[in-house]
Amino acid sequence: MKKNPITYPYILWMVIFTVVPLALILVYSVFTMDSSGIGFTLQHIKRVFEPLYLVVLLRSIRLAVVSTVICLVLGYPVAMILAERHLSKKSILIVLFVIPMWMNFLARTYAWMTLLEKNGLINTALGAIGLPAINILYTDNAVILGMVYNFLPFMVLPIYSVLRKIDSAVIEAAEDLGATPVTTFRRVIFPLSLPGVMSGITMVFMPAVTTFVISRLLGGGQYTLIGNLIEQQFLTTRDWGFGSSLSFILMIFILLTMGIMSRYEKDNEGGGLW
Amino acid sequence: MVIKLLKRMYTLFIFFFLYAPILILVIFSFNNSKSRAHWDGFTFKWYAELFHDQQIMTSLYYTLLIAIIASVVATVIGTAAAIGIHNMRGIQKTFTMNITYLPVLNPDIVTGISLMLLFIFLNIPTGFITMLLAHITFNLPFVILSVLPKLKQLNNQIFDAALDLGASPLTAYKKVILPQIMPGVVTGFLLAFTMSIDDFVISFFTTGSGVSNLAITIYSMARRGINPKINALLTLMFVSILLLLILINNRMSREDERKEKLT
Amino acid sequence: MKKTARGVLSCVALTILVLALAGCGGQKKSTLKVYNWGDYIDKSVLESFEKQTGINVIYDEFATNEDMYVKLKAGGSDYDVAIPSDYMIRRMISENMLQPIDFNNIPNYQYIDERFKNLAYDGKNQYSVPYMWGTVGILYNKKMVSEPVDSWRILWDEKYKKQILMLDSQRDAIGITLKMLGYSLNTKNQKELDEAKEMLIKQKPLVLAYVGDEVKDKMIGNEAALSVVWSGDAIFMKKENPDLEYVIPKEGSNLWFDAMVIPKNGKNKKEAEQFINYMCSTEIAYKNADFIGYSTPHSDARKKLPPELTSDRSVYPEKEDVKNSEVFEDLADSLPLYDKIWTEIKSK
């Protein structure tokens, strides 16, 4: 087995700046600290599994899954088109893809409101050509739109970078052997791009579960999401024990799901996330 | 032909989707009213006010500085780490990958407060350096997740072939592996920069007095309404990035032409 | 490619070096670290203070009371002056996070209206000097609401289905509901809170959205008929859209204050008091009140403001207008109770 000294700086970094701090905060989930000393408790962890909070968790996961799927469906063709171009303009186009995300998030989301509002620009435009107004703002659709908008580049870029390098000889070979474009895509291109797709899914799904500002601003704060709940515990309620229990359980849950997913993938493709 | 047109239109649609809100930002930077709710005439006054706002200028400076340093450092460490992780097997790999997911997975508030606790615990005064360390930390996974797929694509024999031909492992990495995974590295850098330039929560909790980035300034403004000065600033940022891109693009195509002439 | 990479790296190295060097020199001048809400001061005031006293001001901003609290509580920052709100001041006092102010060093304190001294959050007036104040009330659009508005009940009127904007803040939303029901907005009584919860769940189908800071643009843009807002913002909104009107409901409301305090971690108490005194001088208090547009507790500064503003009783309510209103107290151990209620409402 090869030694990997090249990862040591990284592992050291992550242990100091991720594992240790996380341990510092997760301590709150099972220990209570008061004047009488330090005690062990499972009440916070138990509380996470109350139906009230499970509803919140499931809702967040559902929204994140839907957004991830839409990002993939919208993003994959874009990545393909961008990767196809035989120009030096390719890299410029890919930069153009992320620039909108460099503008402040809050300002961008406010701009979306200007577009989507009842008296917003989209409805004004629809009215001008005699079409009925649409009502998107303050629905789940607006939340999903916001998530897709903010996470799309995180899906497109990794897929693009993988597709760019797929040997055109492989594709031509498939076509020569009589494969239709659909078959070529299904049997050759897509499987080869799978590592990029997995990275994209990871980078969209994971942050999407815990985001909540989008749902607060575009969804009208109608529903508490898990990220919201966690933030509330750390700031408003000052219940760090419950807050860190929530994030702890969420962490375990998602890592396990990812683990199972990649195990399944490994059987089929080899490689994958783990 | 039809397919080509469809592709064109689809790309256009996606770019329109991405740029629609940016267009709104730009338009409202010229709005006379402080509210984005109605148009109240054309003005340049927000631009004038922007240049007199020392605080916004300072936070812009810190934002760019931190974003550049953090994404460069994260790209270097992250690319190396990705190569190492790629060579790992079994439990070792599982462990490292799960650590990698943590900053992506955790809500910003948890990452932010936990890092703040760490810095206080280690007695490091919060400020520029601590904010930078935090940014590098949450940037790293994005670099790794971008580089890993490229490595999986790689033909492992190339590396061995280079070694057989007498290259040292370092040279082999530099001359053989790196060029192959470059698109992934660039992608990783871009995503890291994107994360860094627009982070509020983690930055807020890890910075100290006197150092603030644009996101902190803008979020703090929200209670009183985001000042159109911010729209003016974002417009200027946007325009200068576009100009820079056009400049680079022109130079690149000129180089291409020169190469073509040579051949 | 390689050349650019090297160029970028050396640039980075150089900037780090420059920054490190810049950090070393010039520590002679005394400094003052101020922590305030965003856009909540006329910046020229800071400059004139620096010029007059020779004190170097480091000025930072926060977005919410809670954000500020977590940072100060953790002990990593050493601000000399902060400007939190009432309930947060109460909490900070009870957690021993503030230094008592020596009012002998703040002669300008005499200009603060007697009405605003010794309030519940700082009963003996040892720790805080009020900066801005206001109420929470209903802002409505006269074109959409023709009946007289004087009670919180209108926010439960079916007629205005999907035209109501509620505040997305557990304390405020539950607080006004308690007021409507005739209870104290600082209650810790489970039965009263359950009643408020039922009301809010009943109200939810009528609510267009639970909003925060973006409410201003919504109301100006005629997006909703009724909303719950802070009086300070109401002044701005009324100016931008003359159809809007603000009322303090008869059941009473929340009286809020943002006040200057000196955190325990601060190292420059003398300069901090100097700063607070400066902020209370008539000219400066006027400048800030004029810039921010909120109501000032400074009686002389108020006289300098335009009379049409200061005579508006929704902006500067008299004592009898707010006789049912209360100041928020720190809920301490009952906070999780409020949080749970809020989550229950928001998961329905």
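How many residues of chain C are in contact with chain A, and how many residues of chain A are in contact with chain C? In this predicted model, 20 residues of chain C contact 23 residues of chain A. On the side of chain C that touches chain A, at least two residues each are supplied by helix α3 (65-74), strand β7 (207-211) and helix α13 (335-347) of chain C. The greatest contribution to this side comes from α13(C), which gives 7 residues. Classified by residue type, the side of chain C that touches chain A comprises 8 charged, 7 nonpolar and 5 polar residues.

The contact between chain A and chain B involves 69 residues from chain A and 77 residues from chain B. Several helices of chain A each supply at least two residues of the side that touches chain B, including α1 (8-30), α3 (51-84), α4 and α5 (105-116). Also among them are α7 (140-163), α9 (181-210), α11 (226-234) and α12 (240-269) of chain A. The largest share, 13 residues, comes from α1(A). The side of chain A that touches chain B divides into 49 nonpolar, 14 polar and 6 charged residues.

Helix α4 of chain A, one of the elements that supply at least two residues of the side of chain A that touches chain B, spans residues 89-98 and includes A:Phe97. A:Phe97 is counted as buried because 22 C-beta neighbours lie inside 10 Å, the cut-off for a buried residue being 20 or more. When residues up to four places away in sequence are not counted, A:Phe97 touches A:Pro153 and A:Val156.

The fold of chain B was examined next. Chain B contains 11 helices and 0 strands, and its pattern along the sequence is accordingly written α-α-α-α-α-α-α-α-α-α-α. The C-alpha trace of chain B spans about 70 × 60 × 35 Å along its principal axes. Of the 263 residues in chain B, 51% are buried. Among contacts in chain B between residues at least 6 apart in sequence, 79% join residues at least 24 apart.

Note on methods
Residues numbered from 1 in each chain as written. Chains lettered and ligands numbered in written order. Predicted model: local features only at pLDDT ≥ 70, side-chain atom pairs only at ≥ 80, totals over all residues. Helix = DSSP H or I, 4+ residues; strand = E, 2+ residues; numbered from the N terminus. Buried ≥ 20, exposed ≤ 12 C-beta atoms within 10 Å, placed from the backbone. Contact = placed C-beta atoms within 7 Å. Nonpolar A, V, L, I, M, F, W, Y, C, P; charged D, E, K, R; others polar.
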